[in-house]
Amino acid sequence: MRGIRDRDIHKPFFASEHRRRGRKTGGRFSPEREHRRRVSRGDIKYILLSLLAEKPQHGYQLIKEIENRCGGFYRPSPGSVYPTLQQLEERNYLTSQEVEGKKVYSITDSGEQLLAQQPSSAETLNKSEEQPKLIELKMTLRDLQEVIMQVTRSDKSKNIDKVLSSLKKLKKEIYLMLANEED
């Protein structure tokens, strides 16, 4: 059992709830990491199988397709995709062939049977109603970043103080929303 560390005592109770495997964000909420939480380790093989059930693809295409369907908030690492593809091929759930110097994977009948056993895992990626919201969120974050950069370039400390205060309030509101969601 993990104990409370000295550095955790001063953090809000909800900050530690959003820590996930992978890159550290200092306990802060990150939409990319929140989405990653919904794509658990064991689901990647079903996600890959579901994409290959649609059409044969090579590894990089699969990575890009997952990223696109997640609105850009999640991109699996090649270190998780390629070994999984190799493992699925070794277990005869996939076949591969060289096409223009790239290894293109196709699902086999046994792969389709495996996929049918875990339909909820494959549906993790196919939440199409979330994709437009995620893309809009990402674009809004980019726009906000651009506006903040304009404020910092304006060299007016009064504006910087106002923006900083607004961002701190917004951050607190989001944390409170997340804390209430978990109740």
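Glu67 is placed in helix α3 of this predicted model. Helices here are DSSP runs of H or I with at least four residues, strands are runs of E with at least two, and both are numbered from the N terminus. With a relative accessible area of 15%, Glu67 is buried; the term buried denotes under 20% relative accessible area, exposed denotes over 50%, and partly exposed lies in between (1.4 Å probe, protein chains only). Apart from neighbours within four places in sequence, Glu67 is in contact with Gly72, Tyr74 and Arg75, where contact means heavy atoms within 4.5 Å. Just after α3, Gly71 adopts a positive phi of about 65 degrees.

In the model, local features need pLDDT of at least 70 and side-chain atom pairs count only at pLDDT 80 or more, while totals for chains, interfaces and linings use all residues. Residues are numbered from 1 along each chain as its sequence is written, and side-chain values use heavy atoms, with hydrogens and water left out.

Helix α3 packs against α4 at an angle of about 125 degrees, and the two axes are 10 Å apart. Axes are lines fitted to C-alpha atoms, for helices over the stretch in contact, and angles between N-to-C directions run from 0 to 180 degrees. The two helices α3 and α4 are therefore oblique to each other; angles under 35 degrees count as roughly parallel, over 145 as roughly antiparallel, 65 to 115 as roughly perpendicular, and the rest as oblique. On the side of α3 the contact is made by Gly59, Tyr60, Leu62 and Ile63, and on the side of α4 by Pro78, Val81, Tyr82 and Leu85.

Helix α2 (residues 44–54) is largely enclosed by the rest of the structure, because 8 of its 11 residues are buried. The buried positions are Ile44, Tyr46, Ile47, Leu48, Leu49, Ser50, Leu51 and Leu52. The largest nonpolar core has 20 residues, a nonpolar core being a set of buried Ala, Val, Leu, Ile, Met, Phe, Trp, Tyr and Cys residues joined through side-chain atoms within 4.5 Å. Two or more residues of this core come from each of α2, α3 (59–69), α4 (78–90), β3 (102–107) and α5 (109–117). The largest share, 7 residues, is given by α2. Leu48, Leu49, Leu52, Ile66, Leu85 and Leu94 have the most contacts inside the core. Not counting residues up to four places away in sequence, Leu94 touches Leu49, Leu52, Leu85, Leu88, Glu89, Tyr105, Ser106, Ile107 and Thr108.

Asn92 is located in the loop between α4 and β2 (94–99), and counts as exposed at 53% relative accessibility. Glu100 lies in the loop between β2 and β3 and is likewise exposed, at 80% relative accessibility.

The protein contains 8 helices and 3 strands, in the sequence pattern α-α-β-α-α-β-β-α-α-α-α. Of its 183 residues, 30% count as buried. Among contacts between residues at least 6 apart in sequence, 50% join residues at least 24 apart. The accessible surface comes to about 12700 Å², with 51% belonging to carbon and sulfur atoms; such areas are from the Shrake-Rupley method with a 1.4 Å probe, and for residues only the protein chains shown count as cover.
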